[in-house]
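Thanks for coming, everyone. I'll take you through one model this morning. Please have a look at the sequence and the structure first.

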Amino acid sequence: MKGWVKDLLWFVGIVAALLVYSAAAGVTWPIAVVSSYSMEPTLRVGDFVFLAGATCKSVEPGDIVVYVARNPMWHGSWIIHRVYQKIDVGGCGLVTWGDNNNFPDQAAAGEPPVSTNIIGRVAVVVPYVGLFPLVVRPQGVGGAAMATWIGRLLVFGAATYAFYYYFKSAETAPRRKKRRKAL
């Protein structure tokens with residue numbers, strides 16, 4: 001079997017494992033990457049987190065959740081913050097707060113109480129594995145941001161190719177046998 005076919009099968013296997021984990025954990029998407037300093041020292045930029053299913057009623061103060069922001073400043077972004085308090089707002093509502101922030105999200109940024117917009121609860125943290133996705137994603141809008149993003153993709157693509165080529169060529173290189181000298 002050719003090397004690239006084996007690598008493709010590994011990739012398909014990893015995606016399948018993520019889908020199985022997603023179904024078992026009860027989440028639509030089972031992974032996220034920490035992209036800000038708001039949860040330091042508990043979570044650092046680049047930490048990779050696996051999520052478990054959660055609802056407003058199933059989480060407790062102290063749990064770390066991922067939710068979709070609704071305020072105009074962060075609208076649509078995934079926020080990873082700790083549940084600070086449960087409140088009754090005509091149903092379940094959560095006050096969330098980043099460990100490294102001065103105020104709760106609902107006071108500082110005008111975020112409505114978190115309720116039906118929970119993606120999941122942080123179950124497992126893998127340090128720094130998420131740095132690569134953070135580096136290669138676009139960091140802004142406009143021509144300059146896109147040019148920077150394409151440049152980063154090219155540099156990381158070239159580095160990945162060089163890394164892959166180096167290790168694959170080492171696997172396929174002919175091995176020399178050592179000769180023993182007769183005494």
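**Starting from Ile-80**

Let's begin with Ile-80. Leaving out residues up to four places away in sequence, Ile-80 touches Ala-32, Val-33, Val-34, Ser-38, Met-39, Leu-43, Val-49, Ile-64, Val-65, Val-66 and Val-122. Contact here means heavy atoms within 4.5 Å.

A word on the basis. This is a predicted model, where local features need pLDDT of at least 70 and side-chain atom pairs count only at pLDDT 80 or more, while totals for chains, interfaces and linings use all residues. Residues are numbered from 1 along each chain as its sequence is written, and side-chain values use heavy atoms, with hydrogens and water left out.

**The cores**

Ile-80 is one of the residues with the most contacts inside the largest nonpolar core, which has 13 residues. Also on that list are Leu-43, Val-49, Leu-51, Ile-64, Val-66 and Val-122. By nonpolar core I mean a set of buried Ala, Val, Leu, Ile, Met, Phe, Trp, Tyr and Cys residues joined through side-chain atoms within 4.5 Å. Buried is under 20% relative accessible area, exposed is over 50%, and partly exposed is in between, with a 1.4 Å probe and protein chains only.

Which elements give two or more residues to this core? They are E2, E3 and E6. Helices (H or I, at least four residues) and strands (E, at least two) are DSSP runs, numbered from the N terminus. There is also a second, separate core of 11 residues, which includes Val-59, Tyr-67, Val-83 and Leu-94.

**The sheet**

Now the strands. The sheet is open and has 6 strands, in the order E1-E2-E6-E3-E4-E5, with antiparallel pairing. Pairing requires that DSSP finds at least two bridges between two strands. Strand E1 (31-33) and E5 are at the edges, each with a single partner strand, so one side of each has no neighbour in the sheet. From one strand to the next, the twist averages 50 degrees. Axes are lines fitted to C-alpha atoms, for helices over the stretch in contact, and angles run from 0 to 180 degrees between N-to-C directions.

E1 is joined to strand E2 (residues 48-52) by 3 bridges, antiparallel. Val-33 stands opposite Phe-48 in E2.

Further across, 5 bridges join strand E3 (residues 64-68) to strand E4 (residues 78-88), again antiparallel. Val-68 has Trp-78 in E4 as its bridge partner. E4 is then joined to strand E5 (residues 92-97) by 6 bridges, and these two run antiparallel. E4 and E5 form a hairpin with 3 residues between them, and Gly-90 in the turn has a positive phi of about 75 degrees.

**Thr-96**

Stay on E5, where Thr-96 lies. Thr-96 is the bridge partner of Val-83. Is Thr-96 buried or exposed? Its relative accessibility is 0%, so Thr-96 counts as buried. Its side chain makes a polar contact with the side chain of Asp-105, at 2.6 Å. A polar contact is a pair of N or O atoms within 3.5 Å; within protein, one must be able to donate a hydrogen and the other to accept it, and residues adjacent in sequence count only if both atoms are side-chain atoms.

**The helix**

On to H1. Helix H1 (residues 3-25) lies across E1, E2 and strand E6 (118-126), at about 45 degrees to E2. Leu-18, Ser-22 and Ala-25 are buried in H1. The buried residues of H1 pack against E1 and E2. An α-helix has 3.6 residues a turn, so residues three or four places apart point the same way. Gly-26 follows H1, and its phi is positive, near 75 degrees.

**Two loops**

Last stop, the loops. Most residues other than glycine have a negative phi, and most peptide bonds are trans. Glu-40 and Pro-41 are joined by a cis peptide bond, with omega about 5 degrees. Pro-41 is in the loop between E1 and E2. Tyr-128 is not a glycine, yet has a positive phi of about 65 degrees. Tyr-128 sits in the loop between E6 and helix H3 (131-136), and is partly exposed at 44% relative accessible area.

What reaches the backbone nitrogen of Tyr-128? The side chain of Asp-47 does, at 3.1 Å. Asp-47 lies in the loop between E1 and E2, and is buried, with a relative accessible area of 1%.
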